[in-house]
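Please keep the model open while reading.

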Amino acid sequence: MQIRTPRPRRSVLYVPATNEKALAKIAQLACDAVIIDLEDAVAPAEKLAARERLKAIFAGREKGGREMIVRVNALSSEWGEGDLLAARECRPDGILLPKVETARDILEANDLLDDTDARPSLWLWAMIETPRALLNIGAIAALGRDRGARLACLVAGTNDLVKETGVKVTPDRRYLASWLSQMVLAARAGGLDVLDGVSNDFRDLDAFARECEEGRNMGFDGKTLIHPAQIEAANAAFSPSGDEVTDALAVRAAFALPENEKKGVISIDGRMIERLHLDQAERVLARAGK
Ligand code: COA
Ligand code: MG
């Protein structure tokens, strides 16, 4: 069974596989992860050329560097399977499947990877971006508990959701909020990471900072981005604050004391602290890299 090591995913930048200038920029950027996109950002006439570019993009990549994911086309499309196999050859950290609608969609991709003896730590990420995906979200996310299924992360595909549902987009995303919360809830039930959708208006950084804050408050682990200008605000919003880290360290230290080792509940400065708070503290510390 493969264990997922927690990684910070505060800022996850899409880079179209066909945009040479953007690809050349990745090395200088402070985002936690990059998604090389073969899907929405690549026109049909360029799909095969984009797939061909993958090898060069991944060539010379250093081990242990920034997380790199490939977003393939949907397996139901004419490009999907070829993309998946080409991506697998490049040894990315994960493959992001778009238009996932059922748990079966994940299992199909998983079978294709198993058939080619892909390493167990080649993770699958799933875009949640259709009404059907939302209706099936519990079953999809439950695969997070089945380590053989490779599922590690859910990604909100808000542009497609808006297109598919006709929901109105307001600055506070109030009509999207319940669906976003459902994704967070399902991800937690499945022990998965979950990333908020993109913000298209990359020049309005004030609005972007507010949206990051909102995503953070909803419980997302990070945000998907489309432009380098968005990285700093996402990193700031999704990093634990200094106070949160101090509190978490105090909880860890308190439970590590010999007299508390076997206790379920203790008190710190007049506050009740249970083992569940220790789990919470460890999550904060993992996000802070401690
Ligand atoms: N990744 C890396 N670098 C990027 C980038 C990205 N996603 N988007 C822009 N850049 C780079 C540009 O190449 C440019 O580099 P330079 O300083 O060397 O000239 C710099 O950042 C400034 O870019 P700017 O001129 O402001 O934007 P643009 O007009 O070149 O690109 C978009 C605007 C929207 C076309 C581009 O940001 C993009 O393609 N984003 C990703 C879209 C995507 O993947 N969508 C699918 C998921 S929703
Ligand atoms: Mg999409």
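1. Start with cysteine 31. In this predicted model, cysteine 31 is buried, at 5% relative accessible area. What is the closest cysteine sulfur to the sulfur of cysteine 31? That sulfur sits in cysteine 212, 13 Å away, which is too far for a bond. A disulfide is a covalent bond between the sulfur atoms of two cysteines.

2. Cysteine 90 next. Cysteine 90 also counts as buried, with a relative accessibility of 11%. Cysteine 90 takes part in no disulfide. Its nearest cysteine sulfur belongs to cysteine 31, 18 Å away. Searching the whole structure gives 0 disulfides.

3. The metal site. Which residues coordinate the magnesium ion (ligand 2)? They are Asp40 (OD), Glu129 (OE) and Asp160 (OD), at 1.9 to 2.3 Å. Along the sequence, the spacing of these donors reads D-x88-E-x30-D. Glutamate 129 lies in the loop between β5 (123-128) and α5 (131-135), while aspartate 160 belongs to helix α7 (residues 158-165). The pair therefore ties together parts that are 31 residues apart in sequence. Glutamate 129 and aspartate 160 are buried.

4. The nonpolar cores. The largest nonpolar core has 64 residues. Ile36, Leu54, Ile95, Leu97, Ile106, Leu154 and Met183 touch the most other members. Take leucine 154 as an example. Setting aside residues up to four places away in sequence, leucine 154 touches residues including Ala126, Ile128, Ile137, Met183, Ala187 and Leu195. There is also a second, separate core, of 14 residues. Among its members are Ile35, Trp123, Met127 and Val155.

5. Helix α3. This helix covers residues 80-89. Which residues of α3 are buried? They are Gly80, Asp83, Leu84, Ala86, Ala87 and Arg88. The cover over these buried residues includes α2 (47-58), β3 (67-71), β4 (94-97) and α4 (103-115). In an α-helix, residues three or four places apart point the same way, because there are 3.6 residues a turn. After α3 comes arginine 91, with a positive phi near 55°.

6. Glutamate 81. This residue is found in α3. Is glutamate 81 buried or partly exposed? Glutamate 81 is partly exposed, with a relative accessible area of 44%. Beyond its neighbours within four places in sequence, glutamate 81 contacts Leu75 and Leu112. Glutamate 81 and leucine 112 are 31 residues apart along the chain. Their C-alpha atoms are separated by 8.3 Å.

7. The overall fold. How many helices and strands does the protein have? The secondary structure comes to 12 helices and 10 strands. The C-alpha trace spans about 65 × 45 × 40 Å along its principal axes. For 290 residues, a compact globule would have a radius of gyration near 19 Å. The protein has 20 Å, which agrees.

8. Packing and surface. Of the 290 residues in the protein, 48% are buried. Among contacts with a separation of 6 or more, 71% are between residues 24 or more positions apart. The accessible surface is about 14300 Å². Carbon and sulfur atoms account for 52% of that surface.

How values were computed
Residues numbered from 1 in each chain as written. Chains lettered and ligands numbered in written order. Predicted model: local features only at pLDDT ≥ 70, side-chain atom pairs only at ≥ 80, totals over all residues. Heavy atoms only, no water. Donors = N, O, S within 2.8 Å, 3.2 Å for Na, K, Ca; no water. Helix = DSSP H or I, 4+ residues; strand = E, 2+ residues; numbered from the N terminus. Buried < 20%, exposed > 50% of the residue type's maximum accessible area, 1.4 Å probe, protein only. Core = buried A, V, L, I, M, F, W, Y, C linked by side-chain atoms within 4.5 Å. Contact = heavy atoms within 4.5 Å. Disulfide = S-S within 2.5 Å. Rg over C-alpha atoms; globule rule 2.2 N^0.38 Å. Areas by Shrake-Rupley, 256 points an atom, 1.4 Å probe, with all protein chains shown as cover.
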